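Take a look at the chain below.

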Amino acid sequence: MVKTEEITNSQDYIDSREIIARIEELENATVNFGQVEELQHLKALTEEAEGYSEWSYGVTLIREDCFEDYARELAEDIGAISKDTSWPATCIDWEQAANELKMDYTEVDFNGVSYYVFLADDYVYKIKNMLDN
């Protein structure tokens with residue numbers, strides 16, 4: 001078994017598959033007090049988040065204070081804005097753009113810190129409805 005790294009709520013982005021692997025590792029090992037606490041937090045996070053998305057296939061959890069940067073990167077990645085463009089990208093209210101993007105995500109708690117998870121099922125439903133109309 002590959003040794004996994006500790007997962008904490010100070011990470012900007014977390015992949016659900018890393019959480020699954022870490023839980024499995026901690027459940028099958030002799031753990032210290034800190035690891036017992038980590039395992040409890042990871043299990044609580046998994047219980048809250050796994051029903052919202054394709055958890056076992058891999059979803060990204062985005063820390064709340066990084067969501068604005070995530071929105072900007074996503075806009076560049078999907079071609080909504082060019083990575084090389086300064087204007088008008090410098091005029092975009094990225095806080096507002098991030099807040100609107102959050103409508104397609106659900107907020108989950110990881111030991112007192114909010115993370116956002118993409119609502120894959122909701123997105124597929126919206127696209128299906130658009131195609132049907």
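**From one residue to the whole chain**

Find Arg22 in helix α1, which covers residues 16-27. Keep in mind that this is a predicted model. Is Arg22 buried or exposed? Its relative accessible area is 4%. Buried means under 20%, so Arg22 counts as buried.

What does Arg22 touch, leaving out residues up to four places away in sequence? Thr4, Glu5, Glu6 and Ile7 are among its contacts. Gln35, Glu38 and Leu42 are also touched by Arg22.

Now turn to the surface. A patch of negative charge gathers there. Its members are Glu47, Glu48, Glu50, Glu64, Glu107 and Asp109. Which elements supply at least two residues each? They are helix α2 (33-49) and strand β3 (105-110).

Pick out Glu107 from this patch. Glu107 sits in strand β3. Its relative accessible area is 41%.

Step back to the whole chain. How many helices and strands are there? The chain has five helices and four strands. Follow them along the sequence and the pattern reads β-α-α-β-α-α-β-β-α.

The chain has 133 residues, and 33% of them count as buried. Its accessible surface is about 8,600 Å². Carbon and sulfur atoms hold 49% of that surface. Finally, consider the contacts with a separation of 6 or more: residues 24 or more positions apart account for 61% of them.

Key
Residues are numbered from 1 along each chain as its sequence is written. This is a predicted model: local features need pLDDT of at least 70, side-chain atom pairs count only at pLDDT 80 or more; totals for chains, interfaces and linings use all residues. Side-chain values use heavy atoms; hydrogens and water are left out. Buried means under 20% relative accessible area, exposed over 50%, partly exposed in between (1.4 Å probe, protein chains only). Contact means heavy atoms within 4.5 Å. Patches are made of residues with over 30% relative accessible area and no salt bridge: like charges are joined within 9 Å, nonpolar side chains (Val, Leu, Ile, Met, Phe, Trp, Tyr) within 5 Å. Accessible areas come from the Shrake-Rupley method with a 1.4 Å probe; for residues, only the protein chains shown count as cover. A salt bridge is a side-chain nitrogen of Lys or Arg within 4 Å of a carboxyl oxygen of Asp or Glu. Lys and Arg count as positive and Asp and Glu as negative; His and the chain ends are not counted. The place of a charge is taken as NZ of Lys, CZ of Arg, CG of Asp or CD of Glu.
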